[in-house]
Amino acid sequence: KQRVLSGVQPTGNLHLGNYLGAIRNWVEIQDQYDNFFCVVDLHAITVPHNPASLAADTYTIAALYLACGIDLNHSSIFVQSHVSAHSELAWLLNCITPLNWLQDMIQFKEKAVKQGENVSTGLLIYPVLMAADILLYQADKVPVGEDQKQHIELTRDIVNRFNHQFAKDQPVLKLPDPLIRKDGARVMSLTDGTRKMSKSDPSELSRINVLDPPEQIANKIKRCKTDPVRGLTFDDPERPECNNLLTLYMLLSGQTKEVVAAECQDMGWGQFKPLLTETTINALKPIQEKYQAIMDDKSYLESVLRDGREKAQAIANQTLTQVKLALGYSLPL
Ligand code: TYM
C-alpha cells in the first residue's frame with residue numbers, strides 16, 4: 001500500500017477549514033493507504049505560544065482525529081515532538097535548503113508581515129520541518145488544504161536536490177504528491193469571503209470550530225457576512241460569501257452541488273441561514289459526542305499515542321539513518 005502522511009498544528013482547536021479541507025479527506029481515503037497522522041506540536045511554537053495549554057491542545061487534536069473517524073486499523077496517530085527524528089532530519093535538510101527558497105514562501109511572508117520584528121527563525125524554516133515530517137515516512141500522498149500546496153512543492157524541490165547531490169545512484173528520499181480535493185480546499189472566513197478561515201484571525205466570529213456548542217454556531221451564522229441579493233448562487237466572483245456559505249452547506253449536508261444549487265436558487269438569507277445552522281449543528285454533533293467520550297478516558301488516548309509513536313519511530317529512524325549515511329556521517333557505535 002502507498003503511504004499517507006498529514007498533520008494539524010495544535011494551536012487552538014479545529015475549525016471547519018481544517019475539517020473540510022483536510023481531516024474529512026483523510027477519513028474518506030484512509031482504507032486505501034497506510035496512514036500516519038501527526039499532531040505537529042513543533043510547528044506550533046514557530047509563533048508565540050502559550051506553554052500552559054500546549055500539551056492539552058495537543059491531546060485535543062489527537063482526540064479530534066479519532067472523533068472525526070480516523071480508524072486505527074488503517075492509521076497511526078502520533079505527536080511530532082515524541083519522535084525526535086523530526087527535529088534531527090529538519091536540521092540536516094536546513095543545511096541543504098537555499099535561504100531564498102524559504103524567503104519566497106507565501107505563508108512566511110504573510111505571517112512575517114503580521115509579526116514585524118518579532119518573527120522567529122523557526123517561522124522561516126517551518127517548511128523544512130514540514131518536509132522532514134513527510135520525508136521521514138517516505139510518504140506518497142499528502143492530503144491537505146490548498147494553502148499547503150506551496151510547502152509540498154518545496155518538499156519536492158528538497159527531495160530532488162538531496163537525491164541529486166547525495167544519493168545519485170539510489171534515491172534516499174521519495175517524491176510526495178499533494179492530495180487536494182477541489183471542494184473544501186479553501187474554506188473562507190465567515191466575516192470576509194475573500195480571506196481564508198484561519199485559527200489566527202483575531203475574530204472568533206470569523207470561524208466555526210468543530211467543538212463549538214450549538215448556540216455559538218447559531219450565533220456565528222446569524223452574524224456572518226452576507227449580501228443584499230436575493231437568490232443564492234455558487235461561483236459568482238461578486239459574491240464570495242454566498243459561494244462560501246453554499247459550499248459549507250453542500251459539504252456538511254453531503255448533497256451534490258446541483259441539488260444544493262437548485263434548492264437554494266430562490267432562497268433569501270433569512271431562509272438559508274437557519275438551514276445552514278441546523279445542518280452544521282447536526283454534522284458536528286456526532287464528532288462532539290465522540291470527542292467527549294474519548295476525553296473521558298485519557299488512558300485510552302495515551303495508549304493510542306504510545307502505539308502511534310512506536311510505529312512512527314521505527315520508520316522515521318530508518319530514513320534518518322539512510323540520510324545520515326548519504327551525507328557521510330559515521331553512525332553511533
Ligand atoms: P494547519 O494546522 O494550519 O492546518 C491543518 C490542515 O487544515 C488545512 N486548512 C484549510 N483547508 C481549507 N480551508 C481552510 N481555510 C483551511 N485552513 C487550514 C490545511 O491546509 C492543513 O491541511 N503546515 C501545516 C501542518 C503540517 C503538515 C505537515 C501538513 C506540518 N507538517 C506535514 C501535512 C504534512 C499547517 O500549518 O496546517
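This is a predicted model: local features need pLDDT of at least 70, side-chain atom pairs count only at pLDDT 80 or more; totals for chains, interfaces and linings use all residues.
Visitor: How many bridges join strand E1 and strand E2?
Guide: Strand E1 covers residues 3-8, and strand E2 covers residues 34-39. The strands E1 and E2 pair in the parallel sense, and the number of bridges between them is six.

Visitor: Is Asp34 buried, partly exposed or exposed?
Guide: Asp34 is found in strand E2, and, not counting residues up to four places away in sequence, Asp34 touches Lys1, Gln2, Arg3, Val4 and His74. The term buried is kept for residues under 20% relative accessible area, and exposed for those over 50%. Because the relative accessible area of Asp34 is 27%, this residue is partly exposed.

Visitor: Through which helix does the chain cross from E2 to E3?
Guide: The crossing from E2 to E3 forms a β-α-β crossover, and this crossover is right-handed. The helix on that path is made of residues 51-68, and its name is H2.

Visitor: Which residues of E3 point the other way from Ser75, Ile77 and Val79?
Guide: Strand E3 spans residues 75-79 and is mostly covered, since five of its five residues are buried. Ser75, Ile77 and Val79 point one way from the strand, and the residues that point the other way, also buried, are Ser76 and Phe78.

Visitor: How many of the ten residues of helix H3 are buried?
Guide: Helix H3 runs over residues 85-94 and is mostly covered. What covers its buried residues includes the strands E2 and E3 together with the helices H6, H7 and H12. The buried residues themselves are Ala85, His86, Leu89, Ala90, Leu92, Leu93 and Asn94, and the count of buried residues in H3 is seven.

Visitor: Is Asn163 buried or exposed?
Guide: Asn163 lies in helix H7, which is among the elements covering the buried residues of H3. Leaving aside its neighbours within four places in sequence, Asn163 is in contact with Lys168, Pro171, Val172 and Leu173. Because its relative accessibility is 12%, Asn163 counts as buried.

Visitor: How far apart are the axes of helices H8 and H11?
Guide: Helix H8 is made of residues 214-222 and helix H11 of residues 269-295. The two helices pack at an angle of about 145°, and their crossing is right-handed. The separation of their axes is 9 Å.

Visitor: How many residues in the contact of H8 with H11 are nonpolar?
Guide: From H8, the residues Pro214, Ile217, Ala218, Ile221 and Lys222 take part, and in H11 they meet Lys273, Leu276, Thr277, Thr280, Ile281 and Leu284. When the residues of this contact are divided by kind, two are polar, two are charged, and the number of nonpolar ones is seven.

Visitor: What is the relative accessible area of Leu16?
Guide: The place of Leu16 is in helix H1. Leaving aside its neighbours within four places in sequence, the residues in contact with Leu16 include Thr280 and Leu284, which also take part in the contact of H11 with H8. Leu16 is buried, with a relative accessible area of 0%.

Visitor: Where does Ser206 lie?
Guide: Ser206 is buried, with a relative accessible area of 0%, and among the residues that Ser206 touches, beyond four places away in sequence, are Ser189, Thr191 and Met197. The place of Ser206 is the loop between strand E5 and H8.

Technical notes
Residues are numbered from 1 along each chain as its sequence is written. Side-chain values use heavy atoms; hydrogens and water are left out. Buried means under 20% relative accessible area, exposed over 50%, partly exposed in between (1.4 Å probe, protein chains only). Helices (H or I, at least four residues) and strands (E, at least two) are DSSP runs, numbered from the N terminus. Two strands pair if DSSP finds at least two bridges between them. A crossover is right-handed if, with the strands pointing away from the viewer, the path from the first strand over the helix to the second runs clockwise. Axes are lines fitted to C-alpha atoms, for helices over the stretch in contact, and angles run from 0 to 180 degrees between N-to-C directions. A crossing is left-handed if the near helix is turned anticlockwise from the far one by less than a right angle, and right-handed if clockwise. Contact means heavy atoms within 4.5 Å. Ala, Val, Leu, Ile, Met, Phe, Trp, Tyr, Cys and Pro count as nonpolar, Asp, Glu, Lys and Arg as charged, and the others, Gly among them, as polar.
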